[in-house]
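Please find below a short note on this structure, written for someone who has not looked at it before. The points can be read in any order.

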Amino acid sequence: MDPRSEVLLRQAGLFGGELLLAGLPADDLLGHLPQAHGWSWHAGEQAQLAARFAGRCYFGVEPGARACEAAVLFLPKSRELTDYLLASLAARLPGALLYLVGEKRAGIERAAKQLTAFGSPRKLDSARHCQLWQVRVDTPPTAPVLESLARHYSLPLSDGELQVVSLPGVFSHGRLDVGSALLLQHLDDLPSGHLLDFGCGAGVLGATLKRRYPSSQVTLLDVDAFAVASSRLTLAANGLEANVIAGDGIDAAPSGLSAILSNPPFHQGVHTHYQATEHLLRQARVHLLPQGELRLVANSFLKYPPLIETHLGPCQTLTEANGFRIYRARAR
Ligand SMILES: C[S@@+](CC[C@H](N)C(=O)[O-])C[C@H]1O[C@@H](n2cnc3c(N)ncnc32)[C@H](O)[C@@H]1O
């Protein structure tokens with residue numbers, strides 16, 4: 001059980017009614033709170049919850065239509081996303097109770113101050129390195145319009161400006177990441193066919209690929225519903241069409257790909273995780289055509305080449321700059 005869920009269950013008497021659990025972990029919590037339902041924006045957690053608690057968890061970037069008497073937000077990493085989520089929940093709960101739970105090292109103490117926009121927050125519990133806060137929504141906000149919170153920037157690429165639309169919580173919100181910038185400079189000579197941007201974030205790589213290789217089919221994949229929504233906005237802002245998928249890991253990708261491009265994930269929440277990337281390197285071959293190509297940008301300190309060579313084929317370093325390397329390997 002996630003420690004944040006354990007803290008909620010220490011106060012289970014408060015959570016017996018129609019409760020919305022926003023950003024809930026994929027654990028047993030819904031089993032302990034039979035009247036509660038969930039809202040997830042993580043495709044992997046959503047899949048696990050849907051398998052165990054069918055019809056009780058909604059996936060998307062908005063709270064969904066189901067009524068609730070109170071809501072709990074599991075603190076996400078990004079402050080801007082927290083702002084959006086709290087306002088979305090508070091707008092639906094005038095006069096009702098809104099809770100915030102999170103780990104101390106994730107900044108719950110600071111985040112609790114964001115509750116003062118709606119009323120007078122109070123700390124209900126502190127245990128398992130987590131805190132639980134409560135506020136009665138005395139001053140409900142108007143429901144925020146997600147798109148109005150997007151940050152827009154444009155990239156001067158060799159074939160013209162690319163408009164990027166990034167939503168709260170999306171990787172490198174409002175600016176181009178240094179690693180992604182390097183990969184954008186090394187998109188030449190890709191085999192034509194079906195191209196995948198794995199871990200697409202705001203869709204910078206995928207949109208650039210579609211513009212650069214217009215006759216290729218392009219798919220963008222991300223685990224995060226806000227990234228998927230951002231990518232769709234970025235494609236639309238540039239008049240481009242591509243397939244955008246919400247899915248967890250390379251297993252959710254189509255097969256028969258001619259190339260996989262990625263600035264792969266290396267962080268998740270406050271913990272550092274490489275599993276999704278290591279799984280990508282192990283399984284890329286299953287999704288690539290023979291001679292299909294994997295092209296990655298990664299921090300130079302990450303030891304990806306041995307994994308790539310074991311599971312795909314000889315790994316070439318195309319360039320190294322600013323602490324990042326571009327790797328290329330072809331499926332044997
Ligand atoms: C380093 S960011 C790169 C984002 C974007 N491609 C760019 O260059 O700005 C990695 C992305 O991978 C996504 N991600 C993390 N875990 C994933 C998983 N298991 N499956 C698919 N995408 C994942 C994250 O949500 C994030 O958008």
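1. The structure is a predicted model. Residue numbers start from 1 along each chain as its sequence is written.

2. Helix α1. This helix spans residues 3-10, and its buried residues are R4, S5, V7 and L8. They sit on the same side of α1, because the arc they cover around the axis is only 155 degrees. An α-helix has 3.6 residues a turn, so residues three or four places apart point the same way. The cover over the buried residues of α1 includes one helix, α2 (29-32), along with the strands β1 (19-22), β4 (70-74), β5 (97-103), β6 (122-127) and β7 (130-136).

3. Helix α3. In α3, which runs over residues 43-52, the buried residues are A43, G44, Q46 and L49. These pack against α2 and against β2 (37-40), β3 (57-59) and β12 (243-246).

4. Helix α7. How many of the nine residues of α7 are buried? Seven are, and the helix (residues 204-212) is mostly covered. The buried residues are V204, L205, G206, A207, T208, L209 and K210.

5. Ligand surroundings. The ligand is surrounded by 16 residues, of which S180, G199, D222, D248 and G249 are the closest. By type, the shell consists of seven nonpolar, six polar and three charged residues.

6. An oxygen atom of the ligand lies 2.6 Å from a polar side-chain atom of D222. The ligand taken alone exposes 590 Å², and 91% of that is buried by the protein.

7. Residue N299. Strand β16 covers residues 288-299 and contains N299. Is N299 buried or exposed? It counts as buried because its relative accessibility is 14%, and the cut-off for buried is under 20%. With neighbours within four places in sequence left aside, N299 is in contact with F266, G323 and F324.

How values were computed. Predicted model: local features only at pLDDT ≥ 70, side-chain atom pairs only at ≥ 80, totals over all residues. Heavy atoms only, no water. Buried < 20%, exposed > 50% of the residue type's maximum accessible area, 1.4 Å probe, protein only. Helix = DSSP H or I, 4+ residues; strand = E, 2+ residues; numbered from the N terminus. Arc of directions from axis to C-beta. Contact = heavy atoms within 4.5 Å. Near = heavy atom within 4 Å. Polar contact = N/O pair within 3.5 Å; in protein donor to acceptor, adjacent residues only side chain to side chain. Areas by Shrake-Rupley, 256 points an atom, 1.4 Å probe, with all protein chains shown as cover. Nonpolar A, V, L, I, M, F, W, Y, C, P; charged D, E, K, R; others polar.
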